Each structure stands twice: as C-alpha cells, then as structure tokens.
2 protein chains.
Amino acid sequence: MTTLNTKKALLLVAHGSRRAASNLEVFRLAEQLQVDLNADFAMVKAAFLELAEPSIPEGIQYCADAGATNVIVLPYFLNTGRHVAEDIPAEIDIARQQLPNLTIQLQTHVGAMTDMQSLLSKAALQH
Amino acid sequence: MTTLNTKKALLLVAHGSRRAASNLEVFRLAEQLQVDLNADFAMVKAAFLELAEPSIPEGIQYCADAGATNVIVLPYFLNTGRHVAEDIPAEIDIARQQLPNLTIQLQTHVGAMTDMQSLLSKAALQH
C-alpha cells in the first residue's frame with residue numbers, strides 16, 4: 001500500500017529557556033524551516049523539553065489536530081546528554097500513548113550531524 | 001606593531017553533562033577541530049560551563065600555561081539563553097581578572113551561525 005494521504009509534520013524540539021527571547025529564536029527558526037522544507041513537510045512547529053511551552057506532547061498533539069499523520073521530532077540539541085538520551089524519548093512515549101494512531105519518529109539530534117564540525121571550524125574563524 | 005609572536009588557542013565551551021559520554025563527545029570534537037584548524041590555532045581545547053571539568057577559567061589557564069597569548073572562546077550552544085547571555089561572559093570576566101596579560105575573545109555562539117538553518121533542514125530530511 002502506498003501512503004498517498006500521508007501528511008508530515010516536523011517538530012523542532014529545543015531545551016527551553018527562562019528567557020523569552022531565547023524561546024522566540026526557536027519559534028522563528030521553525031518558521032524559517034517551514035519555508036525551506038515546504039516541499040517535504042505540511043507544517044513545521046516548535047516545542048520545548050522544559051521551561052517553555054508547548055511541551056513535546058502538546059506540540060505533537062497540535063500537529064495531529066492540524067491534520068498530520070506523521071510527526072518527525074528533531075531534537076535541537078548538541079550533545080548526547082541525559083536530555084537527548086532519556087528525557088526526550090520519554091516525552092515521545094507519552095505522546096505515543098496519547099495518540100496511538102499517529103506515526104511519531106524521533107530523529108537524531110542536530111549535534112550528531114557530520115556537518116557540525118565544519119560549521120564549528122567556520123565559527124572559530126569568524127573573529 | 002605587528003603581532004609576530006601571537007599564539008592563538010581555541011577554547012570550545014560546552015554546557016557539560018553528568019553523562020561522561022556526552023563530555024567525551026566535546027573533547028573528541030575539540031581534537032577533530034585541532035586537525036581542521038591547525039593552520040590557524042596552535043591549540044584547540046574543551047571546557048565546560050558546569051557539571052564537568054575543566055571549567056572555563058581552568059581551560060583558559062591551561063591555554064595560557066601552554067603558551068597561548070590569545071584565546072578565542074567559542075560557545076558550543078544553540079540559543080541565546082541565560083548561559084550564553086550571562087553565565088559564559090561572567091566566567092570570561094573571572095579569567096580576565098586572573099590573567100590580565102592574556103587576550104581573551106568571546107566568539108558568537110554556534111547557534112547564531114547562518115549555516116545552522118541549512119544544517120537543520122538537512123537533518124530534518126535524514127529520516
């Protein structure tokens with residue numbers, strides 16, 4: 001069977017901050033990614049592990065309410081710390097129990113991208 | 001006057017984690033950057049804001065002891081949260097007081113790089 005009616009959502013998950021300006025950066029980034037990824041994702045939304053809203057299950061619920069059948073969760077984290085290894089998967093499990101008919105896929109965190117090293121080299125030389 | 005005797009160090013500053021594996025990722029990244037940046041930096045070291053060692057002032061001291069005259073501090077952070085906006089600059093101030101003859105430059109954090117958006121788009125499509 002083909003999945004002609006698949007409607008994909010991307011959920012960008014950041015840590016969350018007590019500083020509103022920091023959380024706004026994440027919402028803006030999601031908006032920019034929506035433009036870049038228009039051909040591949042019906043929607044791009046932001047969610048936070050802690051200190052800000054929406055939470056990860058809330059963000060996933062929002063995507064489902066907006067018609068998504070598949071949600072790709074992309075952790076906007078650099079290292080494989082506790083948040084990436086344990087806390088985000090636990091939040092995904094909560095969402096999966098709440099929305100058993102939704103396909104939720106947890107993507108590798110951004111820091112694991114091979115391009116990160118060249119981005120850092122470039123950043124180091126920008127002084 | 002030219003600065004013929006300048007010896008530059010890059011200090012990659014991460015948050016730090018209770019998970020040793022996460023901190024090891026940062027040390028390994030610094031080693032890889034040392035190879036990439038060999039022409040521009042005499043040394044590349046790692047330091048942590050909290051939960052792991054060396055601290056930022058300790059990392060800067062280490063660079064100075066190894067002969068660095070200039071230390072570029074590159075925050076391996078994504079958002080302009082409290083850590084980037086307040087905590088890291090405060091640690092730099094401590095180091096500047098301890099080492100008044102050293103030139104310490106705080107670089108923009110990695111998340112502010114314009115290339116980050118395209119890296120995220122690429123990460124989103126890797127499922």
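Student: Which elements of chain A do the buried residues of α3(A) pack against?

Tutor: Good place to start: this is a predicted model, where local features need pLDDT of at least 70, side-chain atom pairs count only at pLDDT 80 or more, and totals for chains, interfaces and linings use all residues; side-chain values use heavy atoms, leaving out hydrogens and water. Residues are numbered from 1 along each chain as its sequence is written, with chains lettered from A and ligands numbered from 1 in the order in which they are written. Helices (H or I, at least four residues) and strands (E, at least two) are DSSP runs numbered from the N terminus, and contact means heavy atoms within 4.5 Å. The buried residues of α3(A) pack against β1 (8-14), α2 (56-65), β3 (70-75) and β4 (103-106).

Student: And which residues in α3(A) are buried?

Tutor: Buried means under 20% relative accessible area, exposed over 50%, and partly exposed in between (1.4 Å probe, protein chains only). In α3(A), the residues that count as buried are A:His83, A:Val84, A:Ile88, A:Ile92 and A:Ala95.

Student: How many Å apart are the end C-alpha atoms of helix α3 of chain A?

Tutor: The expected span of a helix is 1.5 Å times one less than its number of residues. For the 17 residues of α3 (residues 82-98) that should give 24 Å, and the model agrees, with the end C-alpha atoms apart by 23 Å.

Student: How many salt bridges are there over all chains?

Tutor: Side chains of opposite charge can pair when their charged atoms come close. A salt bridge here is a side-chain nitrogen of Lys or Arg within 4 Å of a carboxyl oxygen of Asp or Glu. Over all chains, the search of the whole structure finds eight.

Student: Which residue forms a salt bridge with A:Arg96?

Tutor: The two side chains meet at 3.9 Å, N to O. A:Arg96 is partly exposed at 38% relative accessibility, and at 39% so is its partner, A:Asp93.

Student: Which residue of chain A pairs with B:Glu86?

Tutor: B:Glu86 sits in helix α3 (residues 82-98) of chain B, and the pair crosses between chains to the loop between β1 and α1 (20-36) of chain A. B:Glu86 is partly exposed at 44%. The closest N and O atoms are 3.5 Å apart, and the partner is A:Arg19.

Student: What is the N to O distance between B:Lys122 and A:Asp115?

Tutor: Each residue lies in helix α4 (residues 115-124) of its own chain, so the pair joins two chains. B:Lys122 is partly exposed at 42%, as is A:Asp115 at 24%. Their closest N and O atoms are apart by 2.7 Å.
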